[in-house]
Amino acid sequence: MAVSFDYVAKETATNLWRNRMMALAAVLTVAVSLSLVGTALLLRQAVNRQIGQWNNNVSLQIFMDASASGGQIANVRSTIAQTPQITHCSYLDHQHSYEQAKRLLASSPTAIEALTPATTPTVFRCQLRNPSEASTVSATFNSGVPGVYQATSPSQSIRVMQQVTNVLQIILLVIAIVLLVSSLVLILNAIRMAIFARRREVGVMKLVGATNWFIRVPFMLEGLVQGLLGAIVAALIVLLSNFGVSYLIRHYKVSVLGSAVLPTHDIVMTELLVVLIGLVVGVAGSSVAVRRFLDV
Amino acid sequence: MIRFDNVTKSYKGQAPALDDISLEIQKGEFVFLVGSSGSGKTTFLKLLLREAVPDSGSIWVAGRDIGELSHWRVPYLRRNLGCVFQDFRLLPNKTVTENVAFALEVIGRPRNVIVTQVAQVLELVGLGQKGDRMPHELSGGEQQRVAVARAFVNRPLVILADEPTGNLDPATSQGIMKLLDRINRTGTTVVMATHDVGIVDTMRRRVVELDRGKLVRDQARGVYGYASDMTMSTRGVPAVAMAGNGEPGLERDPSSGRVAAVRARRGQR
C-alpha cells in the first residue's frame with residue numbers, strides 16, 4: 001500500500017479547513033468533556049492522597065505514651081487481638097513514628113524541631129471491620145488503658161468530605177461521559193459531512209483503483225486530529241487549573257492540604273490518559289463514519 | 001482478455017438483468033454493447049468492474065476469475081480497466097491536468113511519472129494546450145476527452161465506456177469515437193455501451209446486442225439494429241411505428257421494402 005505522507009497530510013488539512021465549523025464544534029466538545037474527565041481524575045487523586053495522609057489510611061490509631069513500658073505495649077497488643085472489630089494492626093516504633101511525624105509536619109519545621117524519636121509516641125495503626133464502629137472502639141481504648149495516650153479515628157467531617165467528593169466525582173464523570181458520547185457523535189458527523197463533500201473524489205478514486213485504505217486514511221486521520229486537538233486543549237486546561245490550585249495551596253501555606261498538591265508523575269499520567277481518550281474518541285468516531293458512509 | 005461464462009445476475013425480486021451470458025472478447029477488440037434501456041448493458045459493465053457480483057457463472061479478466069478476487073484486490077483489477085461515462089465525472093475544482101493526474105496520484109505513482117504521463121495523454125486526446133483550464137471552461141466534447149485521458153493515463157488493458165457520446169452532438173461524438181479508435185489501435189481493448197445508431201453503423205465493429213438480459217446477437221462487423229430483431233429490441237412495439245419519434249429508429253428501405261436500421265435521427269427534430 002503506497003499512501004504517501006504528503007498526500008495524506010494535504011488531504012487531511014484541506015478537509016479540516018473546508019469543514020472547519022464542524023471540526024471546531026467537535027474539537028471544543030472533546031476539549032470540554034476531556035477537561036472534566038481530567039479534572040475529575042485529578043480531584044479524585046488529590047482527595048484520596050489528602051485524606052489518606054490525614055488518616056494514614058487507617059480507621060483507628062492508638063497513640064501510646066512516649067514513655068509507655070514494654071509491658072503496657074504488650075498489654076495493648078493483646079487487647080487489640082481480643083477486639084473482634086479490629087481486623088488488622090501494625091505497630092510503629094519510635095523511629096518509624098518519628099519519620100511519619102516529620103512527613104506529616106513537613107510544612108512546619110518548628111514543630112519537627114521540638115520532636116525527637118524518643119519523645120514521639122509510638123502508635124498502633126489499625127483497620128476496622130467496619131469504619132462506623134470507630135468511635136465505640138476508640139472509646140474502649142480511651143477509657144484509661146494504662147500507657148495509652150489517645151485513640152483517634154477519622155472525624156465525621158472527613159468522612160462526610162470523602163462522600164461529598166465521591167458524589168462530586170461521579171457527577172463530573174457522568175457529565176464527562178455524556179459529553180464524550182456527544183463529541184464522538186459530532187466527530188462522526190463531521191467525518192460524514194467530509195465524506196459527503198468529497199463523494200465525487202471518492203467515486204473517482206474507487207473507479208481508478210485507489211485502495212480502500214488510501215481512500216479511508218485521510219478521513220480517519222481527520223477524526224484523529226480532531227480528537228487530538230480537543231485532547232490537547234483539555235490537557236492544557238487541566239494542567240493550568242492544577243497549577244492554579246497548587247499555587248494557591250502553596251501561596252497561602254495551607255499546610256493541611258499539603259498532600260493535595262499532586263506529584264508530577266500523577267499529573268503526567270493523567271494528562272497522557274486524557275490525550276489517549278481524545279485519540280480513541282477521534283478514531284472511534286471516524287471509523288464508524290468511514291464504515292457506515294464510505295462503502296468501498 | 002474478457003470472458004463471461006454463463007453469467008446470470010438479477011437484482012432483488014426482478015427478472016434477471018443478465019441471463020446466462022457467455023461471450024469472449026479478445027485482446028485489442030473494439031466491441032459495441034447495444035440494446036434498449038434496461039437490457040443489461042450497465043450491469044454488464046458493473047460486473048466487469050466488480051461493482052456487482054454475478055449470481056452464477058464466472059467472469060474472467062486478463063486470465064483471472066474476478067469472482068475469486070479477494071475484496072482488497074478489487075482496486076488492482078480496476079487499475080486495468082479505464083472507465084468513461086456519459087456524465088464525464090470530472091472533479092469540478094481541479095484543472096484538466098489535475099483531474100488526469102488525480103487518477104495516478106491516488107494509486108501512488110511517483111511524481112515524475114505522473115508529470116510525463118499526464119502530458120503525454122493530454123497531447124494524445126488533443127488537449128495539450130488546455131491543461132490549466134477548469135472543466136466548466138471546456139465544451140462537453142473537451143470534457144469527455146479529459147475523461148478519456150483520465151481513463152487511459154494509466155494504460156489500462158481495457159477501456160469501458162458507458163454511453164460516452166450520450167451527452168454530445170453527432171459531430172463531437174465523431175471526435176470522441178476517433179479518439180477511442182486511436183486508443184484501440186494501441187492494442188487497448190474497448191467495450192462501449194451505446195444507443196448511438198449512427199456511430200455503431202459507421203464504425204462497423206463487433207456488435208453485441210442484449211435484450212432483457214439475454215444475448216441476442218453477436219456480430220463481427222455489425223450495425224445497430226436488424227429487421228429480425230425489430231420486435232425483440234423494442235419489446236413488442238412495432239419498431240416502424242417508433243421511427244421518427246426522435247428515438248434511434250428504424251426505417252423502411254424504399255428499394256427492398258425491408259425494415260433496416262438507420263442512423264439516429266438527431267438533428268431532424
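## Polar contacts between the chains

Two residue pairs are in polar contact between chain A and chain B, both at pLDDT 80 or more. The model is a predicted one. The count of salt bridges between chain A and chain B is zero.

## Extent and make-up of the interface

The contact draws on 16 residues of chain A and 21 residues of chain B. The size of an interface is often expressed as the accessible area lost when the parts come together. Here chain A and chain B bury about 1,600 Å² between them, with 63% of it on carbon and sulfur atoms. On the chain A side, the most area is lost to chain B by Val204(A), Leu207(A) and Val208(A), which together account for 37% of what that side buries.

Three helices of chain A each supply at least two residues of the side that touches chain B: helix 1 (5-18), helix 8 (199-207) and helix 9 (212-251). Helix 8 of chain A gives the largest share of that side, six residues. By residue class, the side of chain A that touches chain B divides into nine nonpolar, three polar and four charged residues.

In soluble globular proteins, nonpolar side chains tend to be buried together. The largest nonpolar core in this model has 73 residues, and Phe32(B) and Val106(B) touch the most other members. The largest share of this core, seven residues, comes from helix 7 (residues 156-197) of chain A. Another core, of 31 residues, lies apart from it and includes Leu23(B), Leu45(B), Val61(B) and Ile66(B).

Val106(B) is in contact with residues of chain A: Tyr7(A), Met205(A), Val208(A), Ala210(A) and Phe214(A). Of these, Val208(A) is also among the residues of chain A that lose the most area to chain B.

## Arg198(A)

Arg198(A) sits in the loop between helix 7 and helix 8 of chain A. Is Arg198(A) buried or exposed? Its relative accessible area is 3%, and a residue counts as buried under 20%, so Arg198(A) is buried.

The side chains of Arg198(A) and Glu11(A) are joined by a polar contact of 2.4 Å. Leaving out residues up to four places away in sequence, Arg198(A) touches Glu11(A), Asn15(A), Arg18(A), Met205(A) and Phe219(A). Met205(A), one of these neighbours, is also touched by Val106(B).

How values were computed
Residues are numbered from 1 along each chain as its sequence is written. Chains are lettered from A and ligands numbered from 1 in the order in which they are written. This is a predicted model: local features need pLDDT of at least 70, side-chain atom pairs count only at pLDDT 80 or more; totals for chains, interfaces and linings use all residues. Side-chain values use heavy atoms; hydrogens and water are left out. Contact means heavy atoms within 4.5 Å. Buried area is the accessible area (1.4 Å probe) that two parts lose on being put together, summed over both. A salt bridge is a side-chain nitrogen of Lys or Arg within 4 Å of a carboxyl oxygen of Asp or Glu. A polar contact is a pair of N or O atoms within 3.5 Å; within protein, one must be able to donate a hydrogen and the other to accept it, and residues adjacent in sequence count only if both atoms are side-chain atoms. Helices (H or I, at least four residues) and strands (E, at least two) are DSSP runs, numbered from the N terminus. Ala, Val, Leu, Ile, Met, Phe, Trp, Tyr, Cys and Pro count as nonpolar, Asp, Glu, Lys and Arg as charged, and the others, Gly among them, as polar. A nonpolar core is a set of buried Ala, Val, Leu, Ile, Met, Phe, Trp, Tyr and Cys residues joined through side-chain atoms within 4.5 Å. Buried means under 20% relative accessible area, exposed over 50%, partly exposed in between (1.4 Å probe, protein chains only).
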